[in-house]
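Good morning, colleagues. I would ask you to look at the structure on the screen while I describe its sheet, its ligand shell and a few backbone details.

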Amino acid sequence: SERIKLLGMEIDPVNMQQTVETVLGWCAAPRGNSCRYVVTPNVDHAIMIQDNEPLQAAYEEASLVIADGAPVVLASRVLQKTLPERVAGSDLAPALFKRVSQTTAESKRPSRLLRVFLLGAAPGVGERAKSNIIARWQGVDVVGVYSPPQGFEHDVAENQKIYAAVSEAQPDLVLIGLGAPKQELWIHQHADKLEAKVALCIGATIDFLAA
Ligand code: UDP
C-alpha cells in the first residue's frame, strides 16, 4: 500500500502483524544485492529529518517505514491519514522472535532458525542480549554480536570489520542499535556491503534485550 506523507516523512500504513510477516518473509527469501532495512520514525525524527538530505534519502530507500510513537499515529488521525497503529521499534524485534518461536514450537520438523546479528550498544551488552534471546525464544539464533568503537562510522577499516563479521555470520536479520540518526545514515550508506537480508534500525533495543 502507498506511503502516507506525514510530518515531512513518508510512512507505511502497516500494523505490527503485517510488519512481522513482511520482515520474516524477507528473512526466508534469498538474499538480494543489498540488505533491506526498516526504519521506525517517531516525532523526534520528524524534526531531525528537516533540512537533512542524507537522512531523507535514508528514509526514502528504506524497505519499510513504520510509525514508532503514539504522537505519529495521533497526527495521522488529526490529518485524516490514518495509520493503523503504533508499531514501536523496540517491540518489533521481540514480536519477530515470538512469532519465530511459536512457529518453531508448532512445527513437527525442526524449523529453520532465524539467524540474528546484533550491531551496536556498549561492549558486553550484545553478549547479554544474546544469552537472553537464545534462552527466551526457541528457533532464534544469535550468530554474531559486535559493538563498534566510538567514531567507527568515519573509519573505513572499522566499517570493513563490520562487513567481515556479518559476512562470516551470514545472518538473516541485523539489529542495528546505534541511535538515531546514526543507525539510519549508516545502513543507508553500507546496505550494499552487508551480507544480510534485513536490518532493523532499533535504537536502544539491544539494551532492552540485555536487561
Ligand atoms: N550507540 C552505539 N554507538 C554509538 C552511539 C550509540 O552503539 O556510536 C548505542 C547506545 O549504546 C544505545 C543505542 O545506540 O544502545 C541507542 O541509544 P539511544 O537511546 O541514544 O538511541 P535512540 O533510541 O534514542 O535512537
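I shall begin with the sheet, turn to one of its strands, and then go on to the ligand and the backbone.

Please bear in mind that this is a predicted model. The sheet is open and consists of six parallel strands, ordered β4-β3-β8-β7-β5-β6. At its edges lie β4, residues 64–65, and β6, residues 140–146, each of which pairs on one side only. On the β4 side, the parallel partner is β3, residues 36–39, joined to β4 by two bridges. In that pair, Val39 has Val65 as its bridge partner.

Let us now consider β7, residues 173–177.

How many of the residues of β7 are buried? Five of its five are. In a regular strand, side chains alternate between the two faces of the sheet. In β7, Leu173, Leu175 and Gly177 point one way, while Val174 and Ile176 point the other way, and all of these are buried.

Together with α8 and β8, β7 makes a right-handed β-α-β unit. Helix α8, residues 182–190, lies across β3, β7 and β8, and runs at about 160° to β8.

I turn next to the ligand. The residues around the ligand include Gly120, Ala121 and Ala122, then Gly177, Leu178, Gly179, Ala180 and Lys182, and also Asp207.

Finally, the backbone. Most residues other than glycine have a negative phi, and most peptide bonds are trans. The peptide bond from Ala180 to Pro181 is cis, with omega near 5°, and Pro181 is found in the loop between β7 and α8. Ala121, which is not a glycine, has a positive phi of about 70°; its place is in the loop between β5 and α6. Gln170, likewise not a glycine, has a positive phi of about 45° and lies in the loop between α7 and β7.

Are these last two residues buried or partly exposed? Ala121 counts as buried because it has 26 C-beta neighbours inside 10 Å. Gln170 has 14 such neighbours inside 10 Å and therefore counts as partly exposed.

Definitions and conventions:
Residues numbered from 1 in each chain as written. Predicted model: local features only at pLDDT ≥ 70, side-chain atom pairs only at ≥ 80, totals over all residues. Pairing = 2+ DSSP bridges. Helix = DSSP H or I, 4+ residues; strand = E, 2+ residues; numbered from the N terminus. Contact = placed C-beta atoms within 7 Å. Axes fitted to C-alpha atoms, helices over the stretch in contact; angles between N-to-C directions. Near = placed C-beta within 6 Å. Buried ≥ 20, exposed ≤ 12 C-beta atoms within 10 Å, placed from the backbone. Right-handed = clockwise from strand over helix to strand, strands pointing away.
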